[in-house]
Amino acid sequence: MSDLEQILKRVDFFKPVATRRGFMQKLALAGGAAAAGVVGLGKVSGVLADSATDFVTAAIGAERIGIAFYGNAIGSGSPYSASGDPATNTLLNSSHRGYFQAAFNQETSHLGVLSSLGLPDFPFHTFQFPAGTFANKGSMLAMGAALESIFIGAYLGAVSQGASHGNVLVAEAAAQICGIECEHRVLINDIMGVSPPNDRFYEGDVAAPPSGAMGDTGMRSTVYPTAGAAVDALVALGIKPS
């Protein structure tokens, strides 16, 4: 079992505390053109249809969550942070704070690019993390590692969907953003003491399972087949959107 898996097992708030049904109910009640636009995509049950554009809509929400996470972690908060969430203690040394500040800036840029594509907006703008997420370094890093794993899998899914739907713009943007999310995961692994922090030969299911060789001890990332599946994974972390 990896160091990350051991940490995740010890963090009780990683047990699913929010359900997809509750999330959908909130979305249905959100109202407004943005919510209606998302629900109308594909005219299927659920919020997000199985299409490249829906991955972009979900990614807008994911990037807001990422901005909130990194802003909270360095104590500054963000436009998408819930009141009381930002860390009140310094949890990182100056070098590691630099990692997180850079990640905050990168996620902010990603959001700007995705929003510029003119697709339906994600209807939630504020995200509250489970109690205790930013109370100590271990729980904060565990949440960050879990988030980045989901982001990577979601963008890998978006690449596949963009390619299969002939949407080169979506596929290219998703691939370029995915590379940066992988960097974020490695930096978090480094802070957590995972050795080596760059611990996999491939993402997804290529040459799976890991061989166990140096640089290939980390589990492959889940490639989400639909945007809804990626949203499910984020909701299962106990993040509450509003």
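Buried means under 20% relative accessible area, exposed means over 50%, and partly exposed is in between, with a 1.4 Å probe and protein chains only.

**Entry 1: ground rules**

I am working with a predicted model, where local features need pLDDT of at least 70, side-chain atom pairs count only at pLDDT 80 or more, and totals for chains, interfaces and linings use all residues. Residues are numbered from 1 along each chain as its sequence is written, and side-chain values use heavy atoms, with hydrogens and water left out.

**Entry 2: the chain overall**

I looked up the secondary structure and found 8 helices and 2 strands. Helices (H or I, at least four residues) and strands (E, at least two) are DSSP runs, numbered from the N terminus. Read from that end, the order is α-α-α-α-α-β-α-α-α-β.

The protein chain has 242 residues, and 50% of them count as buried. Next I checked contacts, meaning heavy atoms within 4.5 Å. Among contacts with a separation of 6 or more, 71% come from residues 24 or more positions apart.

The chain exposes about 10,700 Å², with carbon and sulfur atoms supplying 57% of it. Accessible areas come from the Shrake-Rupley method with a 1.4 Å probe; for residues, only the protein chains shown count as cover.

**Entry 3: aromatic rings**

How many aromatic pairs does the structure hold? I noted 7 aromatic pairs. Rings of Phe, Tyr and Trp (its six-membered ring) pair if their centres lie within 6.5 Å; planes under 30 degrees apart count as stacked, over 60 as edge-to-face and the rest as tilted.

F69 and F129 make a tilted pair, at 6.2 Å centre to centre with 55° between the planes. This pair joins distant parts of the chain, 60 residues apart: F69 sits in helix 4 (residues 52-73), and F129 in the loop between strand 1 (127-128) and helix 6 (137-164). F69 counts as buried because its relative accessibility is 1%. F129 has a relative accessible area of 4%, so F129 is buried too.

F129 also pairs with F134, edge-to-face, at 5.4 Å centre to centre and 80° between the planes. Both F129 and F134 are buried. I then found F69, Y70, F100, F129 and F134 in one aromatic cluster.

**Entry 4: a surface patch**

On the surface, I found F201, Y202 and V206 in a nonpolar patch with about 290 Å² of accessible area together. V206 lies in the loop between helix 7 (168-192) and helix 8 (227-235). Its relative accessible area is 43%, so V206 is partly exposed.

Patches are made of residues with over 30% relative accessible area and no salt bridge: like charges are joined within 9 Å, nonpolar side chains (Val, Leu, Ile, Met, Phe, Trp, Tyr) within 5 Å. A salt bridge is a side-chain nitrogen of Lys or Arg within 4 Å of a carboxyl oxygen of Asp or Glu.
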